Amino acid sequence: MDDQGCGPDPRPEGAAGEPSASSADAEPRPLPYEGVWRFTASAVDASVPQARHAVRDLLHRQGVPVSDDLAHGILLIVSELVTNAVRHAAVLSPVLAVEVAVGAEWVRVSVEDNHPYRPTALEADHGRTGGRGLILVREIAREAGGVCDVEHTSGGGKVIWAALPLKPVRVP
């Protein structure tokens with residue numbers, strides 16, 4: 001996987017706690033673990049565990065204060081989203097991107113591909129294996145007090161993301 005580095009602002013647009021123009025000057029300094037990291041990978045099966053391990057290692061390396069349960073949920077979300085991109089978008093998107101954005105009080109993971117189809121969470125036939133990935137992602141996010149969504153990209157593809165809350169931790 002190719003690590004594209006740290007981006008400018010880890011907060012999702014319109015996120016609770018996003019500073020207003022008047023409070024931007026009073027914004028506390030970012031915590032050591034705040035940032036945005038983007039990895040690219042080929043849309044192949046081997047990228048699923050690679051993405052999961054890269055995100056796990058990133059959370060650990062940056063010292064993100066995630067509980068074991070939250071880390072497990074984040075890694076399951078990454079696995080499901082990358083698996084879906086590999087299975088359903090590889091024909092039109094041979095490369096996918098995994099992004100991890102960490103703020104003071106939340107972590108957001110997303111997977112972007114260039115396929116224009118915007119999936120919806122559908123109830124799958126109970127006799128079938130598979131088909132429940134997006135439902136699982138939404139349920140993990142909901143149980144953690146977070147949210148997830150699917151958005152179109154300016155290039156005609158899509159990004160599927162989930163934002164999960166962290167316990168607020170402030171370093172004096």
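Me: What makes residues 47–62 a helix, H1, and how does its reach compare with the span expected?
Reply: Helices here are DSSP runs of H or I with at least four residues, strands are E runs of at least two, and both are numbered from the N terminus. H1 has 16 residues. Its expected span is 1.5 Å times one less than its number of residues, and the reach of 22 Å from first C-alpha to last is close to the expected 22 Å. This is a predicted model, where local features need pLDDT of at least 70, side-chain atom pairs count only at pLDDT 80 or more, and totals for chains, interfaces and linings use all residues. Residues are numbered from 1 along each chain as its sequence is written, and side-chain values use heavy atoms, without hydrogens and water.

Me: Which residues of H1 are called buried, and which exposed?
Reply: Buried means under 20% relative accessible area, exposed over 50%, and partly exposed in between (1.4 Å probe, protein chains only). Ser47, Val48, Ala51, Ala54, Val55, Leu58 and Leu59 are buried, whereas His60 and Arg61, on the other side of H1, are exposed.

Me: How do you know that the buried residues line one face of H1?
Reply: Seen down the axis, they fall within an arc of 135°, so they line one face; the arc is taken from the directions from the helix axis to the C-beta atoms.

Me: What covers the buried residues of H1?
Reply: The cover includes strands E2 (35–42), E3 (95–102) and E4 (106–113), along with helix H2 (68–89).

Terms used
Contact = heavy atoms within 4.5 Å.
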